[in-house]
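The following exercises are intended for a reader new to this structure. Please study the sequence and the model, then work through each task before reading its solution.

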Amino acid sequence: MAYRRLLLPLTGTASGEAALATALIAARAWGAHVHCLHVRVDARDVAPLAGEGLSGAMIEEMMAATERESGERADRVKALFDRFTAGLGGVTLADNPDTAAKTEGPTLSFESIPGREEDVVAQQSRLYDMAVVPHPEAGEDVSSSDALHAILFDSGRPVLIAPRVAPADIGTRVCVAWNGTAESAAAVAAALPWLHKASAVRILASDEYQRRGPKAEGIQAYLRWHGIQAEITPFKPVTREVGAGLLGATRDFGADLLTMGAYSHSRLRQLILGGVTRHVLENAEIPVMMCR
């Protein structure tokens with residue numbers, strides 16, 4: 001089992017380099033291809049505003065401004081990619097993902113296309129084993145991370161959220177956050193390649209985190225059938241924050257990867273009231289693999 005095709009939506013330059021470095025670590029581990037995709041805003045999306053009482057001249061001016069800003073943003077993202085890949089050893093740059101399939105070892109490609117970012121990213125992710133996304137920026141509401149949530153909710157694929165600072169390695173010591181939900185089960189299944197490679201695996205469970213479903217002993221037995229030995233460690237919330245307790249237990253284990261289900265409660269409820277998924281997205285310092 002291996003990850004062979006990874007999609008990296010580069011939505012901007014902030015946290016982009018750490019995401020590129022994270023994706024490259026995964027690509028080296030699996031001999032995989034990383035396709036970096038930047039989706040430019042399509043100026044034609046402004047046209048429907050004509051029905052909102054705006055004149056034709058105003059619409060044209062808005063479209064021109066959108067085209068200009070979108071082009072400048074795309075240029076900055078491409079420059080980031082070029083700086084990152086300059087002088088990389090042992091990595092082949094490919095014109096497109098299809099030609100990369102014939103190349104041994106890790107490969108990278110870049111593409112910039114117009115469209116609605118959340119739609120394009122979610123749809124394209126379905127053709128990849130995993131998507132790697134930049135960390136939601138500090139001070140930026142996680143709810144505004146359209147690409148991340150589009151993949152989680154509409155791709156059927158796992159997402160690897162890169163940390164703010166690129167890690168030294170990924171998947172040598174892995175924590176599995178287990179709460180008995182379908183989402184956590186999907187995350188375990190998606191993470192099996194990492195779990196097979198890991199030198200140590202720990203299942204993290206808590207009464208406060210557990211939902212209706214199998215207990216941690218059940219997923220421990222499941223992993224044993226796959227030849228993966230995992231220990232179960234209970235964790236406690238920190239100042240009533242389950243997410244903080246989960247991340248604390250992950251740090252205690254010295255993990256370099258956390259895998260978990262996302263939004264077992266509704267996304268709206270978590271955005272309003274907070275929740276484990278939101279806390280982890282905002283505060284994790286290691287790569288986090290999520291499934292919905």
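**Exercise 1.** Determine what percentage of the residues of the chain count as buried.

*Solution.* Of the 292 residues in the chain, 51% are buried, where buried means under 20% relative accessible area with a 1.4 Å probe, protein chains only. The model is predicted: local features need pLDDT of at least 70, side-chain atom pairs count only at pLDDT 80 or more, and totals for chains, interfaces and linings use all residues. Residues are numbered from 1 along each chain as its sequence is written, and side-chain values use heavy atoms, without hydrogens and water.

**Exercise 2.** State in which sense strand 8 and strand 9 pair, and how the chain crosses from one to the other.

*Solution.* First, locate strand 8 at residues 200–205 and strand 9 at residues 230–234; strands are DSSP runs of E, at least two residues, and helices are runs of H or I, at least four, numbered from the N terminus. Next, note that the two strands pair in the parallel sense over five bridges, pairing being defined by at least two DSSP bridges. Within this pair, A205 stands opposite P234. Finally, the chain passes from strand 8 through helix 7 (residues 216–225) to strand 9 in a right-handed β-α-β crossover, that is, clockwise from the first strand over the helix to the second with the strands pointing away from the viewer.

**Exercise 3.** Is T239 buried or exposed?

*Solution.* T239 is found in the loop between strand 9 and helix 8 (242–253). Its phi is near 45°, a positive value in a residue other than glycine. T239 counts as exposed because its relative accessibility is 71%, and exposed means over 50%.
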